[in-house]
Each structure stands twice: as C-alpha cells, then as structure tokens.
Amino acid sequence: MLPDANPIYGESPRCDLHADLHEIVARHCGEKTNLLQLLIEVQACAGYIPADAASYIAATLAIPRSRIESVASFYSFLHLKPAGEYRVLFSDNITDRMLGNQDLMEQMCRQLWVQPGKVSEDGLLSINTTSCTGMCDQGPAMLVNGRTITRLGSQRIQEIGQLIRNRTPVAEWPEDYFKVENNIRRGGLILNNKLAYGQVLQATKALKPEAIISTIKESNLRGRGGAGFPTGMKWEACRNADGEARYVVCNADEGEPGTFKDRVLLTAQADLVFEGMTLCARAVGAKKGFLYLRGEYRYLLNHLHAVLQRRRDSELLGEDILGERGFDFDIEIHLGAGAYICGEESALIESLEGKRGVPRNRPPFPVTNGYLQQPTAVDNVETFCQAVMALHMGAPAYRAIGTEKSSGSKLISVSGDCASPGIYEYPFGVSVRQILTDCGAVNTRAVQISGPSGMCIGEHEFDRKLGFEDLPTAGAFMVFDDSRDMFEVARNFVHFFAHESCGFCTPCRVGTSMLKQTMDKVAAGHGTQHDLTEIENLDHVLQTTSHCGLGRTACNPVLHTLKHFRPAYETRLKSLDFEPAFDLDGALARARQMTGRDDAGAHLKENE
Amino acid sequence: MTDKKKLRIATTSLAGCFGCHMSILDIDERLFPLLELVEFDRSPITDIKHCGPCDIGIVEGGICNAENVHVLREFRKNCKVLIAIGACAINGGLPAQRNHLDLSACLTEVYLTEPGLVHGHIPNDPELPLPLDKVHPLHEVVKVDYFIPGCPPSGDAIWKFLTDLISGKTPELGHGLIHYD
Amino acid sequence: MTDTFQLDGVAVPFEPGQTVMQAALAADHYIPHLCYHPEFKPHGSCKLCTVKVNGRTMASCTMPAEAGLEVESEIEELNALRRTLVQMLFAEGNHFCPSCEKSGNCMLQALGYDLEVHAAGFRHQYPDRPLDASHPDILLDFNRCILCELCVRASSEVDGKNVFALAGRGNTKHLIVNAESGQLRDTDIALSDKAMQVCPVGVILPKRVGFSQPIGERRYDASPISAQALADAPRPPSGAEHD
C-alpha cells in the first residue's frame, strides 16, 4: 500500500491505453475500493473509458460490468464515450459569470467551430461548463483535460484555441496558464503560524489519546465544513465505537461554489493538515487516513505526495511514529471526479469505497459506521488545522480567540465584486461589514455567505457576525454590488444544484430540475405569479422531504433572494396570472420549415 | 318551478378520440336531472361552433396543433371553470406517444418516404392547422382548474365529479371511480 | 412489556431493530410507500413514507423506532407532500396507464388513487427512453421506471446476479443492465428471478402474458393500496419477529 502510487496524469491527450491498462488495473486490482481511482486513471490515459476497457476491468476485478458503468456515469469528469482529445470545461460559478466566462466560452466555440456540450466532428475537442472549480479569486477559470487554467481572457482563449488546433499536448502549454495564486490577504492563527512540521505531534507525544480528545473538547472546536459539529465529540464517539479498524478522513472535496480556502491550506499549510490528521489518528486509534481531494485540485497531487513523503522520512507517518511503538498511521490520497455531493460525509465515504457518491441513510453515522462500516472521523481540511493549533496553544488560550460559542479563527474565501478577492482569516465574530471594508467592496447589494447552500444577506444585515451564533459559514463570501441582478445569481445556483443532484431521492432529483425549468421560464420573460407559487411549492417539498442537505438547501438561493430581492423576480413577471410552459410559436417552427408556410395561421401569438 | 339560472356548460374534443364525450353520454338517464341544472353551449351535442360566456368548460384531448391552441384559449377566455377530462387532456395521452419522435422525421416518413407513395408532398394548405413539435397537456398552455382522470373516465366518475362541483363541493372521486386507464 | 411509540396518537409496539415503517405495518397501520418492500433492507429514496417525528420530517422506512417517539403520518400536510411526490414521478417518466400491462396492479398508480391525485400538474418531461425487447421472454419498458432500485436489490441480494444497476445522476439517472451490449438478452436474467417480481410499476414484464386479468379483477380494483399493503404486511406469527 503505497499512498504515493498515484502519478500525476492527464497531461497527454493520447496515450497507449492498451499498454497502460494492464499496469493500471494490476496496481489497483487488489482493492475493489479503488475502482473509482482506477477509472480516473483510465479516463486520464485514454480521454474516456472505452467499452472493452470496462469489460476488461470488470473481469479482472471480478465485479459486474454494470458497476463500472454505474460508477463512471455518476462522476461528471468520467466519460464512457469519447469526449474529445481536449476536454475543455469552463468553470460556471456566478463569480466566473461576473468575470465574463460566457462570452469567452462563446468566443472559443466560434473559434473552434463546436457547439457547447458536443464533441467536434473530428473528435478533437469538446467544450462544456462545470461547477465552480474553486478559482473564484482568479477567474474566469477552466479545466482542460483536468488541468486548471486561471485568469482567462480573450487573448488567452485565442491562444488556447490555437494550441488545441495544433494538437499541442497540455503538458507543453505555457506554465503561466496553470499558475494558481494563494492570494492570502489577511493571515491569523492558522495562516501566520510559525510551527515547524511535526512540532505539535512531538510536543503532545506524552499525552494519552483521551487527553487529546479532552483538549479538543475543552477548546470548543467545531467543524469548519459548515455544520459546526463539535470536533472533540466526534473524535470521542469514533474512539469509543466498536470496530475492527478506525479511519481518519480529511474532506478536501471543496465543492461549495465560492469556496477555495482548503485549496490554499493544502498549498500553503499541507503539513498542518496532515499533522492534524495524524493527531486525530492518535486520538481515535486509526491506522489509516484518507485525504479525499476534489478532482479539480488534482494539480496539487505532486506537492501533497512530496509533503507526505517528507513526513514519512521524518518519522511523522508510517510505523512507530516518532518512535512510539504501535503508533502506526499513513495517509492515502483519493481523488474525486466532479461530484459536489461527495462533500457530504457519507457520500464521500461511499466514493472512497469506489462507489457512486450517494449519501447514506443516517443513522448510523460515520463515527460508528463509516469507511467499510468501521468507525470513521471525517473532518474538514481547516478543522484539522484548527485542531493542531488548539493542541499547540491549549484549550483556554484557543477558546480565548473568537466568540463564546465559536472558538478560534475562520478562513474566508472572498470573491465577487471587490478590489482584493482572496483568503482572509479572522477570529470568529467578525462582521460582514468589516470583511467588506477589508476587501475593498463598494456599493455592495448582497453577500452570499457559505455558498449557494448558505444564506444570501442584504445590506441591512451587514452588521451580522460570522460564527455559529449568528451566521455559520463554511467560508464562501461572494460579494455582489448594485449592478448585479440577484435573480440571475439565484438562477445560477439553481442550475448548480440541478446539475449536482445525485438523483437518489424523488424530491431532489425531480424538484431541482423542475425548479431550474421554472427559473428559466421566468428568466425568458414568461413567468407569472403562478410560477412563483410553483417555485414556493417546490421549495417546500425540497426542504421537507429531501434525503440529504443538498436537496434540503437547494431552495435556499431562491428563498433568500425572494425574501430580500423580490422585485428582481417581479419585474420579470407578466401581469397575467398564467403563461404557457413553453414557447408556443417556437413549437410550430419545425412544421413551418417542413411545409414552407409563413402565413398568419402558421404562427401563434403569445396572447389572443 | 323557480327559474333559477341554469349553469352553462361547453365541451370540446381537441387531440382526443371523443371517448370522453361518449363517457359523458354514459351518464345515461341522469342526463335528464342534469339538464334541469345545466344547459349546453358549444359542444358536439349542440353543434354550436364557438363558445360564449360559460360557467364550466370541459375539454377532452391534448394540444397537438395550432388550432387546438386557439380552441383551448377560446374556452379559457369564456369559461369561469375549466376542466380537463381524460388522459390526453391531462398528460397528452396516446397522441403524446409521438413526443420522442422528431416531427420533421415523422412528416417526412408519412408524406414523402413511406413505400408506395407517389408524388408525395407535405400538405401546406393554410386551411390546415400546423402540428406542434410535441403534444402537450392542457395545463401547459392555459390554467386548468380541475382534472377528471381516466381513459375515459366512467360515466359514474363524471357524474360524481360534476354533481360535486355544481353543488359547490371540491370534487372527489375516491376508490373505484378514480382511475387513470 | 415491549416498547412503543406514538403513531397519530396510537401506541405502536416495536421490537429492537425495527424501523417506524416495519413496526407500523406489523401493527396494522399503513404508511404510504413505494421503494420499501418488506423483504428488503429499507432504501429510503422515494420519500413517499415521509412522516413527522417529533416535528421533523423524515422517511419512516429508514427511521429506527424508538420508545416515546411522536410520529405523525395521516395528516393533510404530509399527504399534500406525498401527492406532490407522486405527481413528480408521473411528470418525470412516461406513464401512459391506458397502454400499460401493469395498470391495476401498479403501486404508483394505486398510490395516486389513494391520494386522490387527479393530474401530475407539473410540466411533463417526456424523456426519451427506448424499450429493451431484446430478450425472448422479458420486456423492459424504461418509460415507467421510478428508480426505486428494487430490481437492483433483488437481483443482487436474492438472485445473486446483478442483472440491473443504475447509471447517471440527477435527472439523467436511469436503469441499465449488466451487459456490454446494454441489452437484456445478453444478461443471465431468468423468468424465475426475484427481480422479475418486485417492480412496483410496469418496467420488468414477462412477454406474452400482458392484460391477463380483466379490469375489475386486478390487484387494486377491489381494495385500495392502503388495505392491500396491510393485508400483505409480514406479521409475527406468535412472538417470532420479522427481521
């Protein structure tokens, strides 16, 4: 089990799959849980997963072939049909839109003669959109064959089009394209720490696991992924649960649109993350840990593997860590492949097991029945960093930072309409207005706190404070000034949820796509009061009957913008109380074309 | 007899088979007490060609062409309460089985490439209504107030529904009367 | 003395390990459901069985029974939600009851009847889902699939075959079969498989036996699904408990 067995791949659009497939399969065939990782490698190697490769994998792993199709089709970066030698995906978060990604995509489609979502006839490329790639502070961004490209502009698009036309391998493209900045604008507890790697592990060597847990409990540390579950309680429950093995999982599937602080932590503070995981392993008694890294951040793999190796070489990972007999722990990195839902911890565990990322029924919870049904502590990247600081400072000093119910600091990913987008670290309790001032936002109309599943707040609420008492947040902070149309913001988010719904439960599978259709109808100028009623009805069903948080929060963008910015909807409505669900005259276009008619009877007016 | 004003009812069949209208006739002898309460405007029963102001409009069949849209709009404009009757009006029904076919391909096959056709051409007489690219249920084109499901609904179901409605009750069919087939 | 929870104000006894649904059915209380099947592990996807537990909505088929829970089920607020869910399922697929062999024996249809659903109301999606008639004895009509995964579970857990699986996600999620050709004739399905018997709607059908029962004699003609589900519910014979 070599955690660094994953190479960096996806550089070359054309490789000899037949030569590599055996090697890839051989490397993974021992573990059925590696199916997703295996498919990701095949995808990277061949540009898609050919039917005969799927059959070969199924036969070698002794699993039903349908499972391969089932798993592969769940993840949007995996393809079962050729999707082009170059697969271009424009990040389509609202912040990319505000920076002009739609025009750029149109420009590229025109330049290369392709339609969005379709593979070019010569099989050279496809152009499509993808959910937020976590580059909101340096967008518009795109992925080409899985590689992140930031700061797109008309000139760069032109160049990329040329490189694709010339079939230049992505690995040979100018390095500057792939540059990802940290944009740390304000450091604090975490980002300004001066710890040497391994320092806290060494310093807490004498502590019993129970003492680590009690320090974390006393420090009042709560999860930074958004839900805010007390970390100490989680670790304790995991430690006390019955099981043959225990696992530590770091959730780096940072998919919430507008959030990119985990990317920066993994870039600038990888040691702190791994140190936190190792401390957690010691506390709960785990021998194995996973970092589940979203596919969009695959470019971080080399760096992360290097850090892991250095830690192994320094006795901070592996067997008998720091010479302590029986303290064995190592970390494996698993990649995601384009599925926001895998940020939900039980879906993440399913994905780690190589399955479709469908959230489990809960209870039981991962602390008792997690990875392979064993006790598992799943925590956010930032939570592990905070845990290290809490253990380093001691509970009282840590608790002194922040507010009564929200100890410590919080990394905020600021993007949108402001002078200095990037990462800001504050003690909990900072006001929205303070952040707006610090990032140079003017004429702000609204802030989306904690991403689409969070809250949209208007100007009269800018004195509210970030923290579990008032505005809980996973870290996204998207700023909209008074030139922005809040209806379009909500519509972008509604599209996002429809695209990311796993489809398991009826309300979310059907409801999110119907919500999308209704929002599109309103956007096209065909909305009526009747449609607003339908939106409210769908919201209610989603909120009350959905299986997991995705469905239950999918209506938040609409609910919040309807509350604060109702005129943005109402100005779009027709005064009538009903409008057809589709474009009536447009529905006659085919028949007109076939009959050559264009008389008055060959048209339908909007009203008569 | 008090001359309490009778309710005026209009009925029509769009992309349907008149099966629901046959079922209306299946109310049988109860048509007589019904006629004490209602009178018919536009309907195959009266042969009135256009719908005037009515209390209740009953529409069978889905929307498959431009003329269906005009008639449905006429009903919606003139009827205080609009009822969609039968599977086709409610979900497109049998005609909607063409919805996964491409309209151009349909027209081409039927009028141009079908074996045995000579001098085939796609009819383009302005008198003929143009087909929509898909068949739609009524509620996607106008607001519909009530739905009587069934293919067709039984005479008993229609009777129950209408008598509930006329007496001011929210119509309920219940087990045995409600069916979709 | 066994523990009980309250279901619409009535005490319902339960055994440890039972879910709210299992205990309710065993005690002769009906909670609407589609993806739940007494012989399989609860799935929790259709959400028809949504109830209120101490004020919070949750799926009763996966909710472990606990002493003292206050469960509400037969209330208009929940039936309105269930009605919408049934409508969503009708609008999502192509459910043309008049031509369906399963009509009269279909759980989705029967639930629609029970909840007095007169129309789907939503915009119909009319998805393009070609049939699979490749198998000599079995027809798959995907138009009617509600993605309950009962066939997936039956084929894998009972038949040991994995004939069915789900592919795609969100509103492109769909049923597939285990063959490179994608066709049922290239799988090892057999008429005697459990997977042939569990489809609550009309997707998996034996050929040449359609419409064998006359109208009036079909499963849900005589009594509504609420009564049928209770008649079929597994009950402990005498003290022995259904797992």
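**Strands and helices**

Author: Start with strand 10 (residues 409-416) of chain A, which runs parallel to strand 14 (residues 476-481) of chain A, paired over 4 bridges. Strands here are DSSP runs of E, at least two residues, and helices are runs of H or I, at least four, numbered from the N terminus; two strands pair if DSSP finds at least two bridges between them. In that pair, V414(A) sits opposite F477(A) of strand 14 of chain A.

Author: Ground rules: this is a predicted model, where local features need pLDDT of at least 70, side-chain atom pairs count only at pLDDT 80 or more, and totals for chains, interfaces and linings use all residues. Residues count from 1 along each chain as its sequence is written, with chains lettered from A and ligands numbered from 1 in the order in which they are written.

Reader: In what order do the 6 strands of the open sheet in chain A run?

Author: The order is 5-11-10-14-12-13, with mixed pairing. Strand 5 (184-186) and strand 13 (455-458) of chain A are at the edges with a single partner strand each, so one side of each has no neighbour in the sheet.

Reader: And how do I read helix 18 of chain A against helix 19 of chain A?

Author: Two packed helices are described by the angle between their axes and the distance between the axes. The axes of helix 18 (residues 486-500) and helix 19 (residues 506-523) of chain A come within 8 Å and cross at roughly 150 degrees. Axes are lines fitted to C-alpha atoms, for helices over the stretch in contact, with angles from 0 to 180 degrees between N-to-C directions. Helix 18 and helix 19 of chain A are therefore roughly antiparallel (an angle over 145 degrees).

Definitions and conventions:
Parallel < 35°, antiparallel > 145°, perpendicular 65-115°, else oblique.
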